[in-house]
Amino acid sequence: LYATLVYLFAPISFYALQFRIAGILRPSIARGWILAFGYAIGVLVGNIFSPFTGPYELIFMPTMSFFAGILGYLAAKPFKNNYFITGAVIATIISISVSWMLYQLFNLPMFATLPYLFISEQTVCFIGATMIKLIETRFKW
């Protein structure tokens, strides 16, 4: 599902000011660490469609996504698997990772890209956590 959403929204899923709609799925990792694998695989498959496909998109970002998912899960676990905490942790790690990657690939200064990436990643994860909470009020896992 993550890869499909990246592909469908490709015009805004890449570049320095990316806004990955697929990121709304990230907070769901709070329900189980195994979902971090699915997220990393989704990033790998989604990044195949990136205009910058290469080692950073196909190795570095899936690895960082898995790492972010696991850390997000672990951070939220003591707080009853809070989706908002999971999303915030993942969004922070991913925004730093993407900013660093853009610096490596295009020499874009991190201080120029990080604030925008941080805001967009946090926004997407907050929307996702809110949607999941609303869905959870009606349906149980």
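Residues are numbered from 1 along each chain as its sequence is written, and side-chain values use heavy atoms, without hydrogens or water. Because the model is predicted, local features need pLDDT of at least 70 and side-chain atom pairs count only at pLDDT 80 or more, while totals for chains, interfaces and linings use all residues.

A pair of aromatic rings is described by the distance of the centres and the angle of the planes. Rings of Phe, Tyr and Trp (its six-membered ring) pair if their centres lie within 6.5 Å; planes under 30 degrees apart count as stacked, over 60 as edge-to-face and the rest as tilted. The structure holds nine such aromatic pairs. In one of them, the ring centres of Tyr 56 and Trp 100 are 5.9 Å apart. Their planes stand at 65°, so this pair is edge-to-face. The two residues are 44 residues apart, with Tyr 56 in helix 4 (residues 55-76) and Trp 100 in helix 5 (residues 83-106). Helices here are DSSP runs (H or I, at least four residues), numbered from the N terminus.

Trp 100 also pairs with Phe 60. Here the centres are 5.1 Å apart and the planes are at 50°, so the pair is tilted. Phe 60 lies in helix 4 and Trp 100 in helix 5, so this pair ties together parts that are 40 residues apart in sequence. Relative accessible area sorts residues into buried (under 20%), exposed (over 50%) and partly exposed (in between), with a 1.4 Å probe and protein chains only. Tyr 56 is partly exposed at 25%. Trp 100 is partly exposed at 33%. Phe 60, at 22%, is partly exposed as well. Elsewhere, ring pairs link Trp 33, Phe 37 and Phe 66 into a cluster.

An α-helix has 3.6 residues a turn, so residues three or four places apart point the same way.

Most residues other than glycine have a negative phi. Lys 80, however, has a positive phi of about 55°. Lys 80 sits in the loop between helix 4 and helix 5 and is exposed, at 77%. Asn 107 has a positive phi near 60°.

A cavity is a set of points where a 1.4 Å probe fits but cannot get out; a pocket is an open set with protein on both sides within 12 Å along at least five of seven lines; lining residues have an atom within 4 Å of a point. Points are joined across faces, edges and corners, and a volume is the space filled by probe spheres set on them.

The largest pocket holds about 200 Å³. Its lining includes Leu 1, Arg 26, Leu 35 and Tyr 39. Helix 1 (2-8) and helix 3 (35-47) each give two or more residues, and helix 3 gives the most, with four. Seven lining residues are nonpolar, three polar and one charged. Ala, Val, Leu, Ile, Met, Phe, Trp, Tyr, Cys and Pro count as nonpolar, Asp, Glu, Lys and Arg as charged, and the others, Gly among them, as polar. The second largest pocket has a volume of about 150 Å³. Among its lining residues are Ile 24, Met 131, Glu 136 and Trp 141.

One cavity reaches 30 Å³ or more. The largest cavity holds about 140 Å³. Its lining has 17 residues, with Gln 18, Arg 20, Glu 57, Val 98 and Met 101 nearest the centre. Helix 5 gives the largest share, four residues.
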